[in-house]
Amino acid sequence: MRNDLIIYGINRVIYVGKNEYNEKRTVFPSKELSCHELIYHFSGNTRVCFNQEELYTSPNTIRFLPEGKCERYTVDRVNGEKSIGECIDIFFSSNLPLSEKAFLTKAKSEKIATLFKKIFSV
């Protein structure tokens with residue numbers, strides 16, 4: 001574990017409701033991401049294409065998107081989902097690069113969802 005990593009700014013925290021994006025595919029415009037994103041998925045199953053990575057989210061997964069160039073970013077509903085689902089997205093900055101690639105991890109504890117909700121409520 002790196003001891004010199006510092007999270008020096010939480011730029012924004014948003015809640016995305018399950019009915020916010022009604023289309024089967026949501027296309028986010030290509031651009032330069034000015035900060036990292038950490039997204040906790042409470043519900044829904046999606047296929048996320050971010051640059052060259054293809055990620056499949058489900059409830060209780062955490063998605064990381066790195067700051068920097070974003071060439072492609074789409075989110076598709078899968079498995080007959082009626083909505084993309086609910087999530088909380090934390091936009092943050094760090095003094096060191098965390099990863100050049102997007103990735104997913106499964107939350108190992110229900111407490112992670114509570115922490116994301118607390119950050120959003122602040």
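## Ground rules

A polar contact here is a pair of N or O atoms within 3.5 Å; within protein, one must be able to donate a hydrogen and the other to accept it, and residues adjacent in sequence count only if both atoms are side-chain atoms. This is a predicted model, with local features needing pLDDT of at least 70 and side-chain atom pairs counted only at pLDDT 80 or more, while totals for chains, interfaces and linings use all residues. Residues are numbered from 1 along each chain as its sequence is written, and side-chain values use heavy atoms, with hydrogens and water left out.

Let's start with Arg47, which lies in strand β5 (strands are DSSP runs of E, at least two residues, numbered from the N terminus). Its side chain makes a polar contact with the side chain of Glu54 at 3.3 Å, and another, of 2.8 Å, with that of Asp76. Arg47 counts as buried because its relative accessibility is 18% (buried means under 20% relative accessible area, exposed over 50%, partly exposed in between, with a 1.4 Å probe and protein chains only). Leaving aside neighbours within four places in sequence, Arg47 is also in contact with Arg25, Leu55, Tyr56 and Thr74, among others (contact means heavy atoms within 4.5 Å).

Val48 sits in β5 too, which spans residues 46-50, and at 0% relative accessibility Val48 is buried. Beyond four places in sequence, its contacts include Glu53, Thr57, Arg63 and Tyr73. Ala113 is 65 residues away from Val48 in sequence, and 20 Å away in space, C-alpha to C-alpha.

## Nonpolar cores

Tyr73 turns up again in the largest nonpolar core, a set of 13 residues in which Phe50, Leu65 and Tyr73 touch the most other members (a nonpolar core is a set of buried Ala, Val, Leu, Ile, Met, Phe, Trp, Tyr and Cys residues joined through side-chain atoms within 4.5 Å). Two or more residues of this core come from each of β5 and β9. Apart from it lies another core, of nine residues, including Tyr40, Ile88, Ile90 and Phe116.

Outside its four-place sequence neighbourhood, Tyr73 is in contact with Val48, Phe50 and Leu65, as well as Thr26, Phe28 and Ile39, among others.

The largest pocket has a volume of about 510 Å³. Of its 28 lining residues, Phe28, Glu37, Tyr73, Asp89 and Phe91 are the closest to the centre. On a 1 Å grid over the protein atoms alone, a pocket is an open set of points where a 1.4 Å probe fits, with protein on both sides within 12 Å along at least five of seven lines, and lining residues have an atom within 4 Å of a point. Grid points are joined across faces, edges and corners, and the volume is the space filled by probe spheres set on them. Strand β1 gives the largest share of this lining, four residues.

The second largest pocket comes in at about 180 Å³. Its lining includes Leu5, Phe64, Phe92 and Ile119, and β1 and β10 are the elements that give two or more residues to it.

## Two asparagines with positive phi

Asn51 is in the loop between β5 and β6, and its phi is near 50°, a positive value in a residue other than glycine. Asn51 is buried, at 14% relative accessibility.

Asn60, in the loop between β6 and β7, has a positive phi of about 70° although it is not a glycine. Asn60 is partly exposed, with a relative accessible area of 25%.
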